[in-house]
Amino acid sequence: MTTIDQDPADEQIGRSYQIGLQIEKRGVEYIPDAERHGKPWQLGGMWSGLVLNVLTVVYGSLLVTMGLNWWQALLAIVLGNLTWLIAGLVSVAGPAAGTTTFGVSQLLFGRHGVRPVAFFNWIMMLGFEVLDLVVMVLATNALLELAGIAVSPAGQVAIVAALSVIQAVLPLLGHAAITRVLRLLAVPFAVIFVLMAVLVAGDVELADSAPGSWALFLGGIALTASGSGLGWASTAADYSRYLPAATPRWRIVTAVTLGAGVPQMLLMALGVAIAIAMPDATDPVSGLSTVFPAWLVVIYLLLVIVQMVSLNGVDLYSSGVTLQALGVRLARWQAVLVDGVLCAVVGAAVVLSGSFYQFVSNFLLFMIVWFAPWAAVFLTDMALRRGRYPRACDAVLQSFSFPGVAAQALGMVAATLCISTTLFVGPVAAALGGADLSIFAGLLVGALTYVILTTLSTKGESA
């Protein structure tokens with residue numbers, strides 16, 4: 001009997017369909033080699049689908065609303081998106097260790113020492129979930145208003161509740177379903193954003209306005225980095241862990257850095273253009289009909305809802321496995337449901353408050369305090385290990401690893417001293433006229449402290 005060899009890519013697609021129709025059972029535990037499939041380009045495609053969303057446009061718009069002129073905003077976008085290299089490097093740990101980002105982080109901080117850091121990551125994921133949910137509600141409200149239907153506050157709460165239920169489906173299905181849906185959504189969203197860019201070009205006037213201050217420019221870089229690679233680095237290994245262990249590292253780094261960084265830079269630049277064309281908009285939805293034709297606005301809003309549902313699939317999935325790393329005794333699907341309820345409550349509060357842009361900017365900047373030093377500790381540890389990790393199920397974990405915990409704590413102190421937001425300005429930032437150096441301070445202090453303490457610890461053990 002004659003057999004036909006199946007192409008590995010087709011085999012992966014078939015497997016994705018099969019897995020995507022049932023609830024994934026895997027949490028933070030080690031992924032066996034037999035369950036590892038896929039290629040780096042598929043991982044890059046997932047990240048492309050993730051960043052091709054309206055929140056990326058919002059991040060670009062925020063740079064203009066905070067006071068940067070057009071060339072400062074574009075430069076901040078390029079510099080901030082270079083941090084996708086960090087997410088690419090963290091992704092290498094997934095196939096090497098066979099577990100999630102915070103499964104690996106237990107090796108750095110200890111079984112109990114990782115819990116405060118995992119808590120911060122869980123809070124960040126919850127914040128991203130709230131942002132996505134609020135955008136979905138805004139888009140739904142805009143569609144109803146176009147249809148002549150006024151939405152009351154009670155109606156908005158009902159919309160929040162309904163969307164919260166819908167967005168829980170994809171993360172319950174798991175990794176294969178999430179990655180495939182995001183790859184599929186990348187194409188239609190790329191098309192709609194190209195159309196928007198063409199149509200908005202005629203309304204953009206690049207006047208020679210005075211540039212914002214040096215402090216504002218540094219804040220713009222911090223905000224951009226927080227919403228791009230640096231902010232997503234803590235979830236990177238959650239998805240790369242399903243790649244075979246023998247996958248070349250440079251291909252993983254390249255796929256993530258280019259797959260996410262290039263489209264995100266272009267979309268943030270579109271956000272800058274839209275902010276210049278619609279200077280009075282108070283959120284990413286209001287005012288669209290004054291710049292774009294109604295038919296495009298309707299298609300765009302429908303795609304926004306679908307995309308935000310998918311994007312929250314990533315957030316809810318990663319926050320679920322982070323809760324497990326935190327030590328909460330819940331199955332992954334139970335963790336997803338817990339997060340979904342909390343997201344709905346906070347999301348309703350943000351929708352009713354009407355302060356979307358302020359919530360976004362303060363949220364992104366405050367998260368730097370913990371994830372800048374964490375990224376520094378993670379990448380420094382990876383360099384010291386040369387990217388070699390024990391199997392997650394075989395690793396002997398300390399309860400508390402002093403070098404990791406101390407480096408994280410000191411890095412957070414340094415970042416807090418250097419942060420500048422509308423709610424709090426650190427003493428160092430205040431002395432520098434409001435310049436936000438929190439990213440640089442957190443990365444530098446976290447990395448140096450970890451190297452010094454790890455070296456001293458190693459010498460002490462060998463003595």
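At 48% relative accessibility, Val191 counts as partly exposed, a class lying between buried (under 20% relative accessible area) and exposed (over 50%), with a 1.4 Å probe and protein chains only. Val191 sits in helix α10. Helices here are DSSP runs of H or I, at least four residues, numbered from the N terminus.

This is a predicted model: local features need pLDDT of at least 70, side-chain atom pairs count only at pLDDT 80 or more, and totals for chains, interfaces and linings use all residues. Residues are numbered from 1 along each chain as its sequence is written, and side-chain values use heavy atoms, without hydrogens and water.

Val191 belongs to a nonpolar surface patch of about 480 Å², together with Val187, Leu195, Trp295 and Ile299. Patch residues have over 30% relative accessible area and no salt bridge, and nonpolar side chains are joined within 5 Å. Two helices, α10 (175–200) and α15 (294–325), each supply at least two residues. The largest share, three residues, comes from α10.

## How α7 and α8 pack

Two packed helices are described by the angle between their axes and the distance between the axes. For α7 (residues 114–146) and α8 (residues 153–167), the angle is about 125° and the axes are 10 Å apart.

## Arg386

Most residues other than glycine have a negative phi. Arg386 has a positive phi of about 60°. Arg386 lies in the loop between α17 (356–385) and α18 (402–417). At 62% relative accessibility, Arg386 counts as exposed.

Note on methods
Patch = residues over 30% accessible without salt bridge, like charges linked within 9 Å, V, L, I, M, F, W, Y side chains within 5 Å. Areas by Shrake-Rupley, 256 points an atom, 1.4 Å probe, with all protein chains shown as cover. Salt bridge = Lys/Arg side-chain N within 4 Å of Asp/Glu carboxyl O. Axes fitted to C-alpha atoms, helices over the stretch in contact; angles between N-to-C directions.
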